[in-house]
Amino acid sequence: MKKILLFLIIPILLFGFIILSKPQNVHNFHKKSNAETSSNLTENKVPMLAIVIDDFGSYDQSGVNLILQAKPIITGAVIPSTEYTEKNIKDLEDAGCEIILHMPMQSHVNLPENWYGEVYIRNTDTPETARMKLSSCLKDFPKIYGFNIHIGSGVSQNEKLMEAIYNYAKENNLYFLDSRTIETKATELACSKTNSIYLGRDVFLEADKNRSYSGVVFRLKEAANIALTKGYAIAIGHVGAEGGENTAKAIIDTLPEIEKMGVKIVYLKDIFDMLNS
Ligand SMILES: [Zn+2]
């Protein structure tokens with residue numbers, strides 16, 4: 001019952017952060033010393049859009065089967081240590097998707113501890129504790145490219161912790177996606193200090209109140225237009241209570257139109273590699 005409440009109430013609170021958190025287009029990029037090889041795709045300089053789907057692993061599995069049956073080019077972000085974590089990692093692998101860790105991090109407001117799952121980074125953690133928690137969560141993932149933020153509006157504002165997170169990512173050849181669950185400069189400052197590549201969410205697909213099908217289609221096209229202007233864009237949508245079947249259906253139906261706009265749908269790693277080349 002606690003888990004049911006957890007996955008019903010968190011999305012309602014998070015929605016407030018989502019609609020308040022506007023995308024920013026100014027980035028300060030720094031090359032990574034251990035650069036990985038760029039894909040042919042990125043060398044072609046085609047505008048790229050990465051669609052990251054959060055909340056795989058959550059109790060509410062709505063939209064999971066629908067989106068994965070279409071085998072789309074998406075990056076699936078999986079919550080660690082839930083009853084669905086292992087299954088959803090396998091589901092994503094079978095569908096050929098890129099997989100990242102959806103790392104639970106503490107909010108800036110008081111939420112019950114059990115809302116975060118078994119392991120989460122707290123606002124008061126030391127950098128060393130944060131690194132240990134990341135390591136323990138990554139053990140669930142046989143093949144992984146990076147991680148982003150689940151909840152996290154408190155930790156995102158803690159520059160010391162964000163520095164530890166960026167350093168951890170660099171040392172482990174992972175990328176870190178700033179989901180921008182709250183408006184703050186701390187993440188970008190930490191990224192700059194650690195000489196890391198900045199990846200930030202441009203659009204939340206369910207930014208309208210109803211999380212409607214037409215709202216998600218609108219946001220997808222908005223993301224495609226950002227890609228046409230900036231060269232790339234990163235959109236985040238959700239399975240489960242925050243998005244589910246409406247999001248899945250809208251993505252499946254709209255992808256052909258986005259490609260017709262001249263925007264290539266890519267994995268998030270392709271954008272990271274392009275920025276790192
Ligand atoms: Zn989440």
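User: How many bridges join β4 to strand β5, and do they run parallel or antiparallel?
Analyst: This is a predicted model. Strand β5 covers residues 175–178, and β4 and β5 run parallel. The number of bridges joining them is 2.

User: Which helix makes a β-α-β unit with β4 and β5?
Analyst: Strand β4 spans residues 146–151. The β-α-β unit is right-handed. Its helix covers residues 159–171 and is α6.

User: In β4, what is the bridge partner of L101?
Analyst: Strand β3, residues 98–105, runs parallel to β4. The two are joined by 5 bridges. For L101, the partner in β4 is F147.

User: Is I151 buried or exposed?
Analyst: I151 sits in strand β4. In β4, 6 of 6 residues are buried. The cut-off is 20 or more other C-beta atoms within 10 Å. I151 has 26 C-beta neighbours inside 10 Å, so it counts as buried.

User: What is the phi of I151?
Analyst: Most residues other than glycine have a negative phi. I151 is not a glycine, yet its phi is positive. The value is near 70 degrees.

User: Where does R211 lie?
Analyst: R211 also is not a glycine and has a positive phi, about 50 degrees. R211 counts as buried because it has 22 C-beta neighbours inside 10 Å. Its place is the loop between β7 (203–204) and α8 (213–230).

Technical notes: Residues numbered from 1 in each chain as written. Predicted model: local features only at pLDDT ≥ 70, side-chain atom pairs only at ≥ 80, totals over all residues. Helix = DSSP H or I, 4+ residues; strand = E, 2+ residues; numbered from the N terminus. Buried ≥ 20, exposed ≤ 12 C-beta atoms within 10 Å, placed from the backbone. Pairing = 2+ DSSP bridges. Right-handed = clockwise from strand over helix to strand, strands pointing away.
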